[in-house]
Amino acid sequence: MLAIGGGYYDGGFSFHGELLLANLETGGTVSALDTSVEVRTVSWRPDRDGRVLDIGVSPTSDNELGRDAFVAGFDGMVERADWTAVGPGSIGRKELDGPHRPNVGRTTERSARRALRRLARQAGRRWTYRGAVQDLRMLGDGRFLAAVDGGLLEAWDTDGNPLWSVPGPRGGGRLVPERGGDTVWALSRAFGPPASGSAWRNQLLRCVRYSVHDGTRLRQRSLQASAYLGRAAGLAALLPAGAVSPPLLMDTEEDAGGIGGALPRPVEPRASFPGAPALLPVRGARVPYALLPATDHGASSLSGSWVARVDVVAAASGSDAAVGDTAAPGPADSAGRAVLRRLFPLPVGSSALGHLGPLAEILDARGPALLVTSEPPRQDRTAWPVARFRLPDGRVLWRTDLGARPTALLHLPSRNLLCVALSDDSLAVLDARDGSLGHRQRLVVGGLPTTAHTLTEADDGRLLVGTVDGRVLVVRVG
């Protein structure tokens, strides 16, 4: 039994994470905690015959211990007679509420990689880091591009042979091909030195356009902001993630062009605090969407928040907003400003309670809709619902509980099927009309399970699956 702890700070309020228990004989994995908290240290106690696990966890938020929350937490001692029988969410918060003491994680990512290289050398093998496949794009001639952590951009032929690669410090996620198909935009992320008087390192984004034929770098735009790569006005665009602002449009003639050809004012970095609206990364979205918190927003739950459509209106038409519309923070400029037009609230205590997972917009015979995956309430950690919200009024047309956390979502319009990758190493196929489960299969490579991180459809109807361990699988959906 392998115990794996991890987590992160969300930058505004809360610590998140989990304790994974991996059975090395069966390949099964269980998320054992009943609440999301950063697990900073974990070790088996050698003198208790493998029955006791020492766990150091963070507080739930920085409000609990103030600045000490980043270097101190709580030590728990959890005992089980049979750890192979531990179920999901079966370790409660009370078992972790031990002495308050410093517990900064002793194992860094860099030291973990050194340990793996050392173990590989001892076994006469070579180990190199290969992270998750962040995005996949099929080209017209059967080749495909992959954005991978540890190697920014790769091209492969139809037989799975590598053609070329562009090294990078960290894959940035989505790839957006240009119209015409000869070039593609890719995003890479890096961190610069901290600002004066601050402990936070500035995030630097580089949006680069490459030739799909040989990986030649053609253009580059760098900025200091939090954003993701998507589409707006039919073009590749940088969409600010921390605040709702006009997108930065990538132009084939210029490095960036604004709405109507004017250059937008630079996007100011804004943290995604619980009370601030933020763009939603919706796959297949025809227009940008945002999450608009309720006015009586309390904690980090999304209950009571609104889904809003983001429109860009001319600066001179500031009075054009309808009742219920909200102007996004930030100054207007010649490119206009973003206006949030409320669509529907996320229902309290239903499928949208908790943190949102992968999102997608679809259009079929039942009309336009948003497909929403979300984290279940703490008292029901086995739900993990997928729901179809009708646009624009948000009526829930169906809801399906899949029993595991969705990690990726893809709509196949030719067959009106919904493919959902799940954290239990499986792939589920639903009917997009009514949410009924067609079939579910486990992803296994070389006898070992793997988890899908991104999905895309190939031209021949097969499914390309990018995994968390850097593999690309080809799956036929029946």
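## Pockets, cavities and backbone details

The second largest pocket is lined by 19 residues, and those nearest its centre are Arg-283, Gly-284, Leu-410, His-411 and Pro-413. This is a predicted model, where local features need pLDDT of at least 70, side-chain atom pairs count only at pLDDT 80 or more, and totals for chains, interfaces and linings use all residues. Residues are numbered from 1 along each chain as its sequence is written, and side-chain values use heavy atoms, with hydrogens and water left out.

Rolling a probe the size of a water molecule over the atoms shows where empty space is left. Here the search runs on a 1 Å grid over the protein atoms alone. A cavity is a set of points where a 1.4 Å probe fits but cannot get out. A pocket is an open set with protein on both sides within 12 Å along at least five of seven lines. Lining residues have an atom within 4 Å of a point. Grid points are joined across faces, edges and corners, and a volume is the space filled by probe spheres set on the points.

The second largest pocket has a volume of about 490 Å³. Strand 25 gives the most to its lining, with four residues. Strands are DSSP runs (E, at least two residues), numbered from the N terminus. Strand 8 (133–138), strand 12 (171–177), strand 29 and strand 35 (452–457) are also among those that each supply at least two lining residues. By class, the lining of this pocket has nine nonpolar, three polar and seven charged residues. Nonpolar covers Ala, Val, Leu, Ile, Met, Phe, Trp, Tyr, Cys and Pro; charged covers Asp, Glu, Lys and Arg; the others, Gly among them, are polar.

What classes do the lining residues of the largest cavity fall into? Nine are nonpolar, with no polar and no charged residues.

Two strands pair if DSSP finds at least two bridges between them. Strand 20 and strand 25 run parallel and are joined by two bridges. Val-282 has Leu-359 of strand 25 as its bridge partner.

Next, the backbone. Most residues other than glycine have a negative phi, and most peptide bonds are trans. The peptide bond from Leu-391 to Pro-392 is cis, with omega near 5 degrees. Pro-392 sits in the loop between strand 27 (385–390) and strand 28 (396–401). Buried means under 20% relative accessible area, exposed over 50%, and partly exposed in between (1.4 Å probe, protein chains only).

| Residue | Phi | Relative accessible area |
|---|---|---|
| Asn-416 | near 50 degrees | 14%, buried |
| Asp-425 | about 70 degrees | 7%, buried |

Asn-416 lies in the loop between strand 29 (406–412) and strand 30 (417–422). Asp-425 is in the loop between strand 30 and strand 31 (426–431).
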